[in-house]
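Trainee: I have a multi-chain model to go through. Can we test each label against its rule?

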Protein chains: 4
Amino acid sequence: MHIALIGCGRIGRVHAESIALHPKAELVRVCDAVEAAAREVAERFGGTPGSDVDAVLGDPNVDAVVIASPTPTHVDLLTRAVTAGKAVMCEKPIDLDLKQVDDCRAAIGSSASRVMVGFNRRFDPSFRAVRERVAAGEVGRLEQLIIVSRDPAPSPAEYIATSGGLFRDMTIHDFDMARFFLSEVVEVSAMGSNLVADYIAELGDIDGAVVTLRGADGTLCHITNSRRCTFGYDQRLEAFGSLGMLSVDNLRPDGVRAYGVQGTEGASTYLDFFLDRYTPAYRAELDHFIEAIGNGTAPEPGFDDGRAALVLADAAEESLRTGRVVKLDPAAAEGQR
Amino acid sequence: MHIALIGCGRIGRVHAESIALHPKAELVRVCDAVEAAAREVAERFGGTPGSDVDAVLGDPNVDAVVIASPTPTHVDLLTRAVTAGKAVMCEKPIDLDLKQVDDCRAAIGSSASRVMVGFNRRFDPSFRAVRERVAAGEVGRLEQLIIVSRDPAPSPAEYIATSGGLFRDMTIHDFDMARFFLSEVVEVSAMGSNLVADYIAELGDIDGAVVTLRGADGTLCHITNSRRCTFGYDQRLEAFGSLGMLSVDNLRPDGVRAYGVQGTEGASTYLDFFLDRYTPAYRAELDHFIEAIGNGTAPEPGFDDGRAALVLADAAEESLRTGRVVKLDPAAAEGQR
Amino acid sequence: MHIALIGCGRIGRVHAESIALHPKAELVRVCDAVEAAAREVAERFGGTPGSDVDAVLGDPNVDAVVIASPTPTHVDLLTRAVTAGKAVMCEKPIDLDLKQVDDCRAAIGSSASRVMVGFNRRFDPSFRAVRERVAAGEVGRLEQLIIVSRDPAPSPAEYIATSGGLFRDMTIHDFDMARFFLSEVVEVSAMGSNLVADYIAELGDIDGAVVTLRGADGTLCHITNSRRCTFGYDQRLEAFGSLGMLSVDNLRPDGVRAYGVQGTEGASTYLDFFLDRYTPAYRAELDHFIEAIGNGTAPEPGFDDGRAALVLADAAEESLRTGRVVKLDPAAAEGQR
Amino acid sequence: MHIALIGCGRIGRVHAESIALHPKAELVRVCDAVEAAAREVAERFGGTPGSDVDAVLGDPNVDAVVIASPTPTHVDLLTRAVTAGKAVMCEKPIDLDLKQVDDCRAAIGSSASRVMVGFNRRFDPSFRAVRERVAAGEVGRLEQLIIVSRDPAPSPAEYIATSGGLFRDMTIHDFDMARFFLSEVVEVSAMGSNLVADYIAELGDIDGAVVTLRGADGTLCHITNSRRCTFGYDQRLEAFGSLGMLSVDNLRPDGVRAYGVQGTEGASTYLDFFLDRYTPAYRAELDHFIEAIGNGTAPEPGFDDGRAALVLADAAEESLRTGRVVKLDPAAAEGQR
């Protein structure tokens, strides 16, 4: 598969490396608004660098496009790439505005089945193993899902200002994880807090949250978020059911523990950079995309999964504002599937 | 201190043993509606057995009364014991009806300072150590408190029928634990589920719940409950703050782990009986009562703590019914202190 | 069973409490060379205090004697008690001199089957569970046994001077544990070190050691000892076999863990007093003694187990001196059974 | 640095990948007796393939040679490569015969400082972190070092037959690890066992061992080996000292744990392939080689470290045969440094 990369920032580079290492893929074009960035990536991982999107989308040698450019460009690039007949892997979120997402969906029609959205955590070996073991019945009927997701440190004000808010920027990964386990979500309730950074409050955003979800089958889920965690990138999950529980602990960078008068069993802080924590997930995500498109099956999570997570983020926002449980109507829920 | 015990059920016996083992206390009277039960306890742990409450409360040799009889008798016995000049340790809850609790409070007036309510978990060495280390600043400003509390197996229908419901019967311990860390709670939001036992649904109760609380200072707390947990009595807590986190894991009955082709590090199931898990807590609770009454200071948790937990249970019930965050007004909150 | 206690030091008191709490036992006599010590124990746990051993052994109301006096008195007291028809539980070691032990054995003859030696660790719930699971085949054929046993801090010089040396005083517990798993030991090899305290070297003793044993069936075992461990009483074991491994971790006094910039998962130091670590073992040990004598069966570990552990200590001593593997001849090995 | 690889087996490929990924290195020649193997590696990781060693060593464009061919070829290739002026990284062991090693050492003279021996475990992030923290004084004076090293499954008979025996083939890594912490070793004592596979005994080799070492400063070390471990590749270490302990646990492939009626906290089996466990170590090892040679400093572990580990293996063999502690004389010890 000949792949073009659009967007050469932090995540773009990760995808470039994954493509370069993949036996069935080749990076043929690398595009960034800043051509120097494209050149740097191309030098390292291959492909023709450039800053002209039209050249990329018009190249018949390009089978698939990975979109890792800034969020506001996603809908436009995704629509054009699909229209040009390319398979697309688009970084999350599709857009911050549900209306835009729906318009895009209408525009691409059935080609949505060739679009994958970059919820990389579904491909983390630990989360995926738990998902599969739950599906295989190991915990019986799933009853309660607990997700803890905390960033090591808050992003700078410039980032927060255009992020769409905690729910659309950060929790959206957890909403997708909740859907990965629960499928359809029918109720959303949220509380937020401003305890981490004043500039976040000044920008009208929250920096901590607890969200409770109910699945259509009654399963309860709650998500705890914080923009700051001193001991690393806190990424845990518990799937509790009628027969038992499966949990995902944080990962340690080494196997060392310390013992002394001050205490015992002390380990290092956890991996504190999302790219370190999720490197294997990014690799596996790209692998799935290449396999699915190669086989002519729809990659997962797809466009509609990207939309569904945004619906949950909007609902959380509404619950925060109104102090009410937000019920999602069947039509909206349908979109979640 | 000469102590009388009223109520010789499971918890009554635990208190009898704690009193018998305490160097500063003596069990002088043992009372139960079923006199044989009183006799059995007296034989083992000392004291004069009987079934006549008046004889107990009229005995000038009795300094303090431990009330471990059925919930509906608590208010009456507590009021009479206080009126008779006795210090009182009363099992939780004071009553299932807030109106009754308020009337009782009015009746006993300032003598409430000689009443302790049996929220034993405050005396668990692990929870208490975390509370003290949080108070000492170890996690910085407390931001998020996560409580998981699951019973090994659902109580029988007869018990559930008169329990007052999950929030007043089971979560009430967690509400008290939340208050132990957060002090004043100003918002309550709850979702419940019926996934464990049909007879619980038929009795109009829930058997699982997720409750979110907000403290007056903005700290968020959530509580996860279930009436069934196959791997033991699941009693955990995480206190997360600006500088770090302190957690309480479950306790194992031994130090054994197993390794083989099927996996590694497998431990035994957790202690699955609340009396095993909390034996040291029950001992420490009684010790605190004896110390406090002996020193003329008010034992903690006191009557008003018992009331405050019930206020939170009522609020959770209301949130469940209305799908709204319930805000507690200052007057109600005052009662929480 | 009517039990007399001889010796009211630290361990004597533990046994007194175990007897007092046991439903089938009664402490009828308490004896110590220092009568005040006997009186204090009797006051707390029952029995007639005194300092006259003859009065104890001559009392027909005494069924069994627990010997917890200083080591040099063991052989004499044990012999007299057995001769007086009493069942005996004797603290370890029987004596520091194998010749004395053998003479004692000859003197008591078949009554040895009513003597138990206080290797309490066999009754620790974790070690015992592993022993039973190994016997049930869970790790397949046992191949390697690793024992780590370190004291929190070195005993004072006065104690060390009369202790018989590290192997006879401290490792003897581990030799018994090795025999608990391996039965017959046929080879012993030892290295010692002096790294902890100068006064121990000056007394001609070592303060650290590594001992390797081979069982008659080829199983290898090694024991690591130190007289000092800053993080608590380090008492661990691994039983490794053809199908897997069972391990015993150290026990923590609570379930708290800490997380922060300095690291994660930090727990408290381990229990650092042998009586705290092994309280349940001392209780279970006495319970076994009472059950076995009551049923007319021989308690385990018996007199010959006490002797066998001393044989291993002597062999380790010899290996240390000669730099050779010491082979135990069948006759000596027989005594081990 | 332009590097040539000689030997394209399992480990050769790992080195090829490390070289290809290294920013300062380029794989210029790939050589294997089976030319097809060389071609396959060259296709994937670069370089000119071939089967002619002379062509490799005669190429002035080659700065350094990585020797990953069968052990019997090491001494010859190493000598020729050094003579040809190349820096060399040679897989362990240099040779199975100490005489050959000494002759080789004499032949290469001071050029030994441009030879590195592939004891990859020194570069494992966990072991290295412990080594550095011990050196920084975190455990005080190092007193006892415990190494557990067990392979998942025994190698086939053909491999065992030419392996040089357990001590020279497998324990040699642990001898090097012991020297990494202890520097000079002055005493060696060993016991072996045949419990795993009959064909190993028939070949005159052992399949399990316990080895005890004493460092020149009195530190004790013991090593436990087995050719079979059902739960993965068991690679652990404990460095115990006067102030505390640092340990290296096994690494898990994911962060999943399971809880149910059968038990709690069950994790996956450990990584069971040495290349998975030590991938980062192989990368770091090559990086060190490139840095050291680039800077003109001697890489570590060097030729003399390779010799010293073999001296310890021979001593263990002698101890096994004689049942004695083998004392290493200063001259031999010198070679260890």
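Mentor: We will take the interfaces, then the salt bridges, then the symmetry.

Mentor: Keep in mind that this is a predicted model.

Trainee: What makes Arg228(B) and Glu143(A) a salt bridge?

Mentor: The rule asks for a side-chain nitrogen of Lys or Arg within 4 Å of a carboxyl oxygen of Asp or Glu. Arg228(B) and Glu143(A) have N to O at 2.5 Å. The pair therefore passes the 4 Å cut-off. Across the interface of chain A and chain B the rule finds 4 salt bridges.

Trainee: Which strands of chain A supply the side that touches chain B?

Mentor: Strands E7 (142-150), E8 (185-193), E9 (208-215), E10 (220-226), E11 (234-241) and E12 (244-248) of chain A each give at least two residues to that side. By class, the side of chain A that touches chain B holds 16 nonpolar, 16 polar and 10 charged residues.

Trainee: How many residues of chain A and chain B are in contact, and how much area is buried?

Mentor: 42 residues of chain A are in contact with 42 residues of chain B. About 3,300 Å² is buried between chain A and chain B, with 58% of it from carbon and sulfur atoms. There are also 18 residue pairs in polar contact across this interface, both residues at pLDDT 80 or more.

Trainee: Now chain C and chain B. Why is Arg257(C) with Asp249(B) called a salt bridge?

Mentor: The N to O distance between their side chains is 3.1 Å. The cut-off is 4 Å, so Arg257(C) and Asp249(B) qualify. The interface of chain C and chain B has 4 salt bridges by the rule. The count of residue pairs in polar contact between chain C and chain B is 12, both at pLDDT 80 or more.

Trainee: Which elements of chain C supply at least two residues of the side that touches chain B?

Mentor: They are helix H6 (125-135), strand E12 (244-248) and strand E13 (256-260) of chain C. The residues of the side of chain C that touches chain B are 11 nonpolar, 5 polar and 6 charged. In total, 22 residues of chain C are in contact with 22 residues of chain B. Chain C and chain B bury about 1,700 Å² between them, 51% of it on carbon and sulfur atoms.

Trainee: How do you know that E12 of chain B pairs with E13(C)?

Mentor: Pairing needs at least two bridges. Strand E12 (residues 244-248) of chain B and E13(C) have 5, so they pair. The two strands run antiparallel. Ser247(B) stands opposite Arg257(C) in E13(C).

Trainee: What makes Arg141(A) and Asp217(A) a tie between parts of chain A?

Mentor: Their side chains meet in a salt bridge, 3.8 Å from N to O. Arg141(A) sits in the loop between helix H6 (125-135) and E7 of chain A, and Asp217(A) in the loop between E9 and E10, so the pair links parts 76 residues apart in sequence. Over all chains, the search finds 116 salt bridges.

Trainee: Why is the relation of chain C to chain B called a two-fold axis?

Mentor: A rotation of 180° with 0.0 Å of shift along its axis superposes chain C on chain B, at RMSD 0.1 Å. That is the relation of a two-fold axis. 100% of the contact residues of chain C recur in chain B, so the same surface serves both copies.

Conventions. Residues are numbered from 1 along each chain as its sequence is written. Chains are lettered from A and ligands numbered from 1 in the order in which they are written. This is a predicted model: local features need pLDDT of at least 70, side-chain atom pairs count only at pLDDT 80 or more; totals for chains, interfaces and linings use all residues. Side-chain values use heavy atoms; hydrogens and water are left out. Contact means heavy atoms within 4.5 Å. Buried area is the accessible area (1.4 Å probe) that two parts lose on being put together, summed over both. A polar contact is a pair of N or O atoms within 3.5 Å; within protein, one must be able to donate a hydrogen and the other to accept it, and residues adjacent in sequence count only if both atoms are side-chain atoms. Helices (H or I, at least four residues) and strands (E, at least two) are DSSP runs, numbered from the N terminus. Ala, Val, Leu, Ile, Met, Phe, Trp, Tyr, Cys and Pro count as nonpolar, Asp, Glu, Lys and Arg as charged, and the others, Gly among them, as polar. Copies are superposed by least squares on the C-alpha atoms of residues with pLDDT of at least 70 in both.
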